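Hi everyone, thanks for coming.

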Amino acid sequence: MTAISPDTALYTSEQSRRIDARAIADAGIPGFELMSRAAAASFAMLRRRWPQASRIGIVCGAGNNGGDGYLVGRDALRAGLSVQLFALGEPRSEGDAARAREAFLAEGGLPQPWPGTLGNLDVLVDAIYGTGLNRAPQGDAQAAIEAISASGLPVLALDVPSGLSADTGATPGVAVRATATASFIVHKRGLHTGRCELAGDIELFDLGVPPDLRGTPDAVLLQPAAMPRRPRDSHKGNNGHVLAIGGDHGTAGAVRMAAEAALRTGAGLVSVATRDENVMPMNAARPELMAHGVNGLQALAPMLEKASVVALGPGLGQGAWGHALWTTALDAGLPTVLDADGLNLLHAEPRALPRHIVLTPHPGEAGRLLGVSTAEVQADRFASARELARRHAAVVVLKGNGSLVVAPDGRVSVCPWGNPGMASGGMGDTLTGIIAALLGQGCDPYEAACLGVGLHARAADVAAREGERGLLAGDLLTPLRRLVNGLEA
């Protein structure tokens, strides 16, 4: 088994707490020493990122995250900087945070109670909440977070931006928008999905904790990958025959985008089963696609016999035509990517799915399949995607910021790429075609989904170099071709 890099391993807050405890008990690193190392790393990061800053503001909570903040303040005073530190309550007298506060006082620091005014400062340090927060900030903490957000100053968050769940990436209430986050010992999974943009630039500091204390991560970040070179004697029959099914009245573009993305990802053959009216314009625009008008099951059956993979759902509709094609395609039992109206039909009519299947819902579709609201899905994307994968014995791609790829056995990969320009029509259809093409070229469903999600997001990032607004799904096709071949895009 390939070792997982600390840079890609993601942990829950409970795992993080256990690792801290093992560092203290097994590695013999006292808690205050870990706190001191965290503060030193954070202060060095602050000086590196904002070398001209001489006036530092720090807002400390009463827990250990606040202790980190007190020691950053101590180190800043030792360096001759001006420090304005606000204390949101007193640390417990017997803990490491209280010892950190005493160290700040011994250096001449003067904590100020909140409420206060963030005065003439260069940089703010957020040390209010650490990894344990699972509720909306209230009282002075809420007011302090709102003041930090309103200040317009650069913000360095310690471990986690206050108000952002280290587990889920959700924000139950107000949250700090950090310019950068100094993360300690291990990466927290909530800083890589959902509202993870609040963390800004993340730097991980292992604080000298031995790697063997970390254990198995809960999830991993995807890494750049491509398909291997083809043998010289490769032919189209070796590289999969994708059948894209969809394109009801007025939605021909959806199935065409899925089909063309499959071609650009390397599928040997791509057929399209669609409405009669779509065939002529599709053949004229992209003659490499084999488009067929399908008005009944008799016309679809021979196409399914020739196909090796099905891309089912883009523009399919939920009427009688789409439902009939959906049922027949699923009954064929071929490896399938199910998206869009294919998922909506599954919600309306639960049924057994093919053994090799990838579901690609956005949060709204995932909520319908699970019988919960979109907000509930977003409140814990990891739990929602895992439950969907378990319930349908399927690989699930939960789309969104920090898309998740989940296997039925609970494995999770998180996509670190992508941009807001992808919030436009056709992006999901393109992803469907990409994953289908990878299935056809021999990837198993989890591999196809991981590689496909990564290629899709990376291609979008390349296309967005010309601006995020106005980014079209078709703009991904040129960089996609280069990326799938392992070329610089």
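Twelve strands make up an open sheet here, running β8-β1-β10-β19-β18-β17-β16-β15-β14-β11-β12-β13, with mixed pairing. Its edge strands are β8 (187-188) and β13 (290-293), each pairing on one side only. Two strands count as paired if DSSP finds at least two bridges between them.

A quick word on where this comes from: it is a predicted model, so local features need pLDDT of at least 70 and side-chain atom pairs count only at pLDDT 80 or more, while totals for chains, interfaces and linings use all residues. Residues are numbered from 1 along each chain as its sequence is written, and side-chain values use heavy atoms, with hydrogens and water left out.

Strand β11 (residues 241-245) pairs with β12 (residues 269-274) in the parallel sense over five bridges, and Ile-245 stands opposite Ala-273 in β12. Val-220 belongs to β10 (residues 219-221). Beyond its neighbours within four places in sequence, Val-220 has contacts (heavy atoms within 4.5 Å) that include Ile-4 and Val-412.

Now the other sheet: seven strands, open, ordered β4-β3-β2-β5-β6-β7-β9, with parallel pairing. Here β4 (112-113) and β9 (201-205) stand at the edges with a single partner strand each, so one side of each has no neighbour in the sheet. Strands β2 (residues 55-60) and β3 (residues 82-87) pair in the parallel sense over six bridges, with Cys-60 opposite Ala-87.

Technical notes
Helices (H or I, at least four residues) and strands (E, at least two) are DSSP runs, numbered from the N terminus.
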